[in-house]
Amino acid sequence: MLRIAVLVSGGGTNLQAIIDSIADGRIKDTQIVKVISNKADAYALKRAEENGIASEAVVRKDFTDKEAFHEALIRAVDEAQPDLVVLAGFLVVLPLKMIEKYRGRIINIHPSLIPSFCGNGFYGLKVHEAALARGVKVTGATVHFVDEGTDTGPIIAQKAVEVQEGDTAEILQKRVMEQAEWIILPGVINDIACGKIQLK
Ligand code: GRF
């Protein structure tokens with residue numbers, strides 16, 4: 001049984017896609033052992049609660065300094081004893097100690113076809129605004145391993161999505177989520193659970 005901890009900051013639609021995929025068998029032999037958020041009011045935490053999944057908020061302002069916050073975040077993950085850590089819209093830069101400790105066992109979903117529209121400052125709607133501003137005809141989503149950089153780790157899976165006439169950033173974001181993110185993230189997790197993708 002693949003034990004996964006999912007780190008979230010917002011609405012949790014990618015978390016929901018994982019929950020649903022486990023329930024309908026698209027993801028085999030996997031258990032979400034914990035959901036962790038840096039935002040106490042993240043709707044993703046409510047999704048965890050509604051599905052009987054352990055959850056915890058680790059909030060920066062509750063700690064005197066960044067080091068204490070990082071230690072608490074690492075402790076929250078360690079306590080879950082995950083085989084795989086999934087960043088699903090998690091907007092905090094992971095502490096180096098955590099990347100070293102879980103190297104090769106942390107994956108992230110990014111809402112573009114890396115190396116386009118990624119790196120510092122490219123998150124959420126900003127990614128789709130940049131894609132529209134550049135005038136690309138195709139965008140999409142990427143699942144990659146997490147390393148010390150921002151969206152720089154080895155790419156695992158990508159799925160392309162057409163940009164349509166009249167798209168706003170919000171419309172494009174929704175299409176990328178529905179047609180790419182919510183498909184390739186569960187797909188990669190299943191491939192890891194089934195041994196098609198080997199973790200280090
Ligand atoms: C998604 O667009 C994801 O690609 C990005 O952040 C957003 C999170 O959405 N990393 P949600 O919290 O999973 O709904």
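Predicted model: local features only at pLDDT ≥ 70, side-chain atom pairs only at ≥ 80, totals over all residues.

I started with glutamine 81, which is exposed at 58% relative accessible area; here exposed means over 50%, buried under 20% and partly exposed in between, with a 1.4 Å probe and protein chains only. Glutamine 81 sits in the loop between α3 (66-80) and β4 (84-87). I take helices as DSSP runs of H or I with at least four residues and strands as runs of E with at least two, numbered from the N terminus. Its phi is positive, about 50 degrees, although glutamine 81 is not a glycine.

Residues are numbered from 1 along each chain as its sequence is written, and side-chain values use heavy atoms, with hydrogens and water left out.

I looked up aspartate 151 next. It also isn't a glycine and has a positive phi, about 65 degrees. Aspartate 151 is in the loop between β6 (138-145) and β7 (155-162), and it counts as buried at 12% relative accessibility.

Then I checked the peptide bond from isoleucine 114 to proline 115, which is cis, with omega near 15 degrees. Proline 115 belongs to the loop between β5 (106-110) and α5 (125-134). I flagged these because most residues other than glycine have a negative phi, and most peptide bonds are trans.

**Ligand site**

Which residues surround the ligand? I listed Gly10, Gly11, Gly12, Thr13, Asn14, Gly89, Ile109, Pro111, Met177 and Glu181, where near means a heavy atom within 4 Å. By class the shell has three nonpolar, six polar and one charged residues. For the classes, Ala, Val, Leu, Ile, Met, Phe, Trp, Tyr, Cys and Pro are nonpolar, Asp, Glu, Lys and Arg charged, and the others, Gly among them, polar.

I went through some N and O distances. A side-chain N or O atom of glutamate 181 is 2.7 Å from a ligand oxygen. A polar backbone atom of isoleucine 109 is 3.2 Å from a ligand nitrogen, and a backbone N or O atom of glycine 11 is 3.4 Å from a ligand oxygen. The protein covers 89% of the 360 Å² of accessible area that the ligand has on its own (Shrake-Rupley, 1.4 Å probe). α1 (13-23) and α6 (169-193) are the elements giving two or more residues to the shell.

**Other spots**

I looked at asparagine 38, in the loop between β2 (30-37) and α2 (43-50). It counts as buried at 13% relative accessibility. Its side chain makes a polar contact with the side chain of serine 9 at 2.6 Å (N or O atoms within 3.5 Å; within protein, one able to donate a hydrogen and the other to accept it, and sequence neighbours counting only if both atoms are side-chain atoms).

Aspartate 24 is in the loop between α1 and β2 and is partly exposed at 45%. Its side chain makes a polar contact with that of arginine 26, at 2.7 Å.

Last stop was valine 86 in strand β4, buried at 0% relative accessibility. Its C-alpha is 14 Å from that of alanine 48, 38 residues away along the chain.
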